Amino acid sequence: MKPLLYDEIDQAEMNAAFREKGWSPLYTASPHSRIALIGQAPGRLAQETNKTWNDASGRLLRQWLGVTDEQFYNPDLFAIIPMDFYYPGKGEHGDLPPRKEFAATWHPKLLALMPDIRLTILIGIYAQKYYLAENAKQNLTENVKNFKTYLPDYFPLVHPSPINIFWRKRNPWFEKDVVPALQAAVKTVLT
C-alpha cells in the first residue's frame, strides 16, 4: 500500500531528477500513524533497496526506540518522514544535506493527514532546526540533553550513525538517561 500523498510527491516537478534515476520517494505515512520519525534523508543503501533505515543506523535506532522491526516498519505505528524523501548524494564530509524546500512543501500536508501522531522524534540537527526553530538550543548536544524541554510533542535525538560513536562516548548521559526515557515515551504511545 502506498503512503499518503505518494503519487503527488512522486510526480512533483521538484523531484523530476530523482524520478529520472528511477528512485521512489522513501517515507511511510498512514492516517493511523502514532509516532513521526523525522530524520535527515534516506541514505544510499536505503535508496538502493527502497527501504527506510535499512542499515546499521536503522538497527541502532530500533534498539534505542525499544521496538521490533515489525513495529518499526508498521506505518500505523511509525510514520517515517525525513526532511527529504530522496538520497541527496555524497558530499565532502558525508551525505549532502536535504533540500531546504522539501520539508516545507510536504511535511505540513502529510502531518495534516495524520491526526493520531502523539510524538515526533527529531533525529539529527536538520530536523531539530526546522521543528524546534527558535526554541532550539545552541547545538544538537544541548537539544538532546534538554529533551524534556520539548516533551510531550518532540523528542530530539542524535543520529544513530556509526560515525557518531565518538559523540556517544563523549556523552555517556545519552545512553544512561535519554535512551531509557525515549523507550518509555515510545512505549506509552504504542500501548
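This is a predicted model: local features need pLDDT of at least 70, side-chain atom pairs count only at pLDDT 80 or more; totals for chains, interfaces and linings use all residues.
Modeller: Residues are numbered from 1 along each chain as its sequence is written, and side-chain values use heavy atoms, with hydrogens and water left out.

Biologist: What makes H4 largely enclosed by the rest of the structure?

Modeller: Helices (H or I, at least four residues) and strands (E, at least two) are DSSP runs, numbered from the N terminus. Buried means under 20% relative accessible area, exposed over 50%, and partly exposed in between, with a 1.4 Å probe and protein chains only. Seven of the ten residues of H4 are buried, so this helix counts as largely enclosed. The buried ones are Ser 57, Gly 58, Leu 60, Leu 61, Arg 62, Trp 64 and Leu 65.

Biologist: What follows H4?

Modeller: Gly 66 does, with a positive phi, near 75 degrees.

Biologist: Why is a set of residues called a nonpolar core?

Modeller: The name applies to buried Ala, Val, Leu, Ile, Met, Phe, Trp, Tyr and Cys residues joined through side-chain atoms within 4.5 Å. The largest such set has 30 residues, and Trp 64, Leu 65, Phe 78, Ile 121, Leu 157, Phe 174 and Val 186 touch the most other members. Among the elements giving two or more residues to this core are helix H4 (56–65), strand E5 (119–123) and helix H10 (173–190). H10 gives the most, with eight residues. Apart from this core lies another, of 24 residues, among them Ile 9, Phe 18, Ala 36 and Leu 122.

Biologist: Which residues does Phe 174 touch, leaving out those up to four places away in sequence?

Modeller: Contact means heavy atoms within 4.5 Å. On that basis Phe 174 touches Trp 64, Val 144, Leu 157, Val 158, Trp 167, Arg 168 and Val 179.

Biologist: What makes an open space a pocket?

Modeller: On a 1 Å grid over the protein atoms alone, a pocket is an open set of points where a 1.4 Å probe fits, with protein on both sides within 12 Å along at least five of seven lines; lining residues have an atom within 4 Å of a point. The largest pocket is lined by 27 residues, of which Gly 43, Ser 57, Asp 95, His 159 and Ser 161 lie nearest its centre. H3 gives the most to this lining, with three residues. The second largest pocket is lined by 20 residues, including Met 1, Lys 2 and Tyr 27.
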